Amino acid sequence: MVDITQQDIDTVYPKVAATIADALGCDEDEVKRDASLINDLGAESIDFLDLVFRLERTFKVKIPRGKIVEDSRGALSEAEFEQKGLVTERGLAQLKAFLSEVPAERFRAPLKVAEIPRLFTTETFCKLVIRAQRA
Amino acid sequence: MTARRRVAITGLGLVTPAGNDVASTWATLQSGRSMGGPITIFDASGFSTRIAAEVKNFDPRAVIDDRRLLKYANRSHAFALAAADQAFADAGVRPTPATSPRWGLAVGTGMMGMGWPELSSLGLAAGDGEDVDPERLLASDTGRDPMVFCRAQNAAGLALLGRRHGIGGYATSVHTACASGGQAIGTAMKLIRRGTVDCALAGGFDSMVNPVGLAGFCLLGAVSPDNDDPTHASRPFDATRNGFVLGEGAGFVVLEAWEHALARGARIYAELAGDGNSLSSYRITDSHPSGDGPIQAMRWALADADATPDDVDYVNAHGTSTPMNDRSESAAIHVVFGDGAGRVSVSSTKSMMGHLIAAAGAVEAAICALSIHHGVLPVNANYVNPDPDCELNLVTGQARPHAVRVALSNSLGFGGSNSCLAFRHPEFDGGRA
């Protein structure tokens with residue numbers, strides 16, 4: 001897939017940020033580009049389902065549920081990516097590359113697979129939308 | 001033997017067609033002004049009944065400072081959140097992380113979780129005929145909106161209230177149609193008596209002012225068709241009554257173990273002293289003409305409250321304004337009070353705010369607490385023509401100043417559920433050793 005440029009992100013950013021603010025019941029200025037939706041904005045699991053639904057409606061795209069986590073594995077098999085619920089070393093490198101918008105210091109081993117969504121930022125969802133638009 | 005715990009009502013919250021808080025609702029109930037009017041929430045022009053008592057000028061975002069929580073709230077949940085907020089503010093006490101497990105929650109839950117727009121959209125999306133087309137259903141905006149599913153849960157109101165207020169003890173949702181609100185409050189009282197919790201938030205919420213709710217009540221002939229005169233359509237116990245006026249809203253009370261309330265110097269509106277619950281086991285939508293069912297509920301509530309019929313000064317009747325309910329309830333009042341039936345004051349506040357269905361018993365419990373606190377009995381509005389089957393000492397014309405030792409609140413539901421709550425003046429000790 002062709003790389004996603006900052007310009008691509010900037011194009012969808014305003015609508016994505018507004019959608020996140022709606023879904024999380026916060027003000028738009030609280031939705032920073034590198035804000036972790038869970039750690040900084042208090043998102044819960046159901047909020048992600050709601051957010052993805054809202055993004056689909058706003059951008060008129062289809063986003064299969066669990067898409068980010070699935071895509072984040074890249075070419076790695078499940079066994080290569082995780083072992084006993086923890087992201088492997090190779091997995092972590094792959095994850096850093098895939099979630100290039102997330103500040104590097106936030107990737108700390110050992111990282112539980114279940115904790116991956118904590119890394120997702122506003123720009124992560126911009127990229128999700130862009131990939132769905134290109135699909 | 002340890003004495004049974006007494007239960008104090010220390011906080012009230014109301015969102016009703018008569019007002020969006022306790023003060024405005026209470027003022028309307030004293031004025032005798034009936035709040036029926038043309039339905040504005042949806043286009044009711046094709047229905048045989050086109051009137052209701054709606055909650056007006058209610059903006060959830062203006063009164064509830066948690067937008068995320070409102071995402072999970074339908075219209076009736078928003079009423080509940082607002083009324084519960086009021087009750088806590090009024091009581092001046094709320095759960096803390098330390099006291100949370102000692103707080104309970106009992107809620108009379110509204111009948112319908114899914115609004116018409118969602119239902120209609122689902123129906124349109126799911127297929128052309130009677131068969132569901134799962135692909136179309138799951139592709140539709142409503143079918144794949146997780147919030148629609150969350151809001152439609154019968155436990156959604158309970159979950160939202162518990163979360164907003166950090167209630168961590170026993171919580172339950174009650175649904176027994178029009179008896180729900182009363183039974184929820186009675187349940188909370190028993191939780192405190194048993195020592196399961198020390199304090200509780202209890203109440204009810206509902207809004208059936210929607211196409212499906214209205215259609216059902218029109219079909220049953222339960223709602224008044226007096227579209228041209230909505231402020232006189234609800235006339236409980238009047239000989240010309242011809243159905244109820246559909247209302248909506250929420251009522252919540254904060255209940256505390258007596259010693260808990262005293263220890264913090266709380267204002268006690270009234271003692272929640274007893275409840276009686278019976279099932280008429282008769283017919284689904286008919287009340288027993290003899291008053292069987294409500295009779296037992298009232299007697300058990302009085303016994304539970306250590307009170308006799310002579311102690312009762314006020315009955316807030318279920319009084320829906322349907323021919324059958326009012327006749328049956330009058331018969332029950334005559335059986336319970338015997339020769340004293342002419343002495344006890346009776347009013348149905350549904351004459352002014354309509355029938356709040358699952359919220360009715362909770363709102364009317366708050367009204368009984370206010371009647372005791374203020375020594376004023378609200379009006380039974382629109383009573384003009386006496387019905388020989390409903391000879392009661394009705395509070396007509398204007399509110400009646402009257403000291404109240406014991407008040408009863410009846411809530412009688414479709415399906416035969418009968419709830420009666422008994423309230424005592426905090427200083428009335430008659431009947432107690």
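Contact here means that heavy atoms lie within 4.5 Å. On that basis, the contact between the two chains takes 19 residues from chain A and 12 residues from chain B. The model is predicted, and the values below are computed from it.

**The interface**

- Chain A and chain B bury about 1200 Å² between them, and carbon and sulfur atoms give 42% of that area.
- On the chain B side, the residues that lose the most area to chain A are B:Arg67, B:Arg68 and B:Arg144, which together make up 47% of what that side buries.
- The size of an interface is often given in this way, as the accessible area lost when the parts come together.

**Chain A**

- Six helices and two strands make up the secondary structure of chain A, and from the N terminus on these elements follow the order α-α-α-α-β-β-α-α.
- The radius of gyration of chain A is 14 Å, which agrees with a compact globule, because a globule of 135 residues would have a value near 14 Å.
- Taken along its principal axes, the C-alpha trace of chain A spans about 35 × 30 × 25 Å.
- Of the 135 residues in chain A, 48% count as buried, while the accessible surface of the chain comes to about 7100 Å², with 51% of it belonging to carbon and sulfur atoms.
- Among the contacts in chain A with a separation of 6 or more, 59% are accounted for by residues 24 or more positions apart.
- Chain A carries 20 positive and 24 negative side chains, and the centres of these two sets lie 4 Å apart.

**Chain B**

- Chain B has 15 helices and 15 strands.
- The C-alpha atoms of chain B fill a box of roughly 70 × 55 × 40 Å along the principal axes.
- In chain B, 61% of the 433 residues count as buried, and the accessible surface comes to about 15900 Å², of which carbon and sulfur atoms hold 54%.
- Of the contacts in chain B between residues at least 6 apart in sequence, 78% join residues at least 24 apart.
- Chain B has 34 positive and 43 negative charges, whose mean positions are 6 Å apart.

- A:Arg54 lies in helix H2 of chain A, which covers residues 45-59, and A:Arg54 counts as buried because its relative accessibility of 17% falls under the 20% cut-off.
- Apart from its neighbours within four places in sequence, A:Arg54 is in contact with A:Thr19, A:Asp22 and A:Ala23, and also with B:Lys71 of the other chain.
- A:Pro103 sits in the loop of chain A that runs between helix H5 (89-98) and helix H6 (122-134).
- Although placed in a loop, A:Pro103 counts as buried, because its relative accessibility is 19% and the cut-off for burial is under 20%.
- Between A:Pro103 and A:Leu119, which are 16 residues apart in sequence, the distance from C-alpha to C-alpha is 9.0 Å.

Definitions and conventions:
Residues numbered from 1 in each chain as written. Chains lettered and ligands numbered in written order. Predicted model: local features only at pLDDT ≥ 70, side-chain atom pairs only at ≥ 80, totals over all residues. Heavy atoms only, no water. Helix = DSSP H or I, 4+ residues; strand = E, 2+ residues; numbered from the N terminus. Rg over C-alpha atoms; globule rule 2.2 N^0.38 Å. Buried < 20%, exposed > 50% of the residue type's maximum accessible area, 1.4 Å probe, protein only. Areas by Shrake-Rupley, 256 points an atom, 1.4 Å probe, with all protein chains shown as cover. Lys, Arg positive; Asp, Glu negative; His and termini not counted. Charge placed at Lys NZ, Arg CZ, Asp CG, Glu CD. Buried area = accessible area lost by both parts, 1.4 Å probe.
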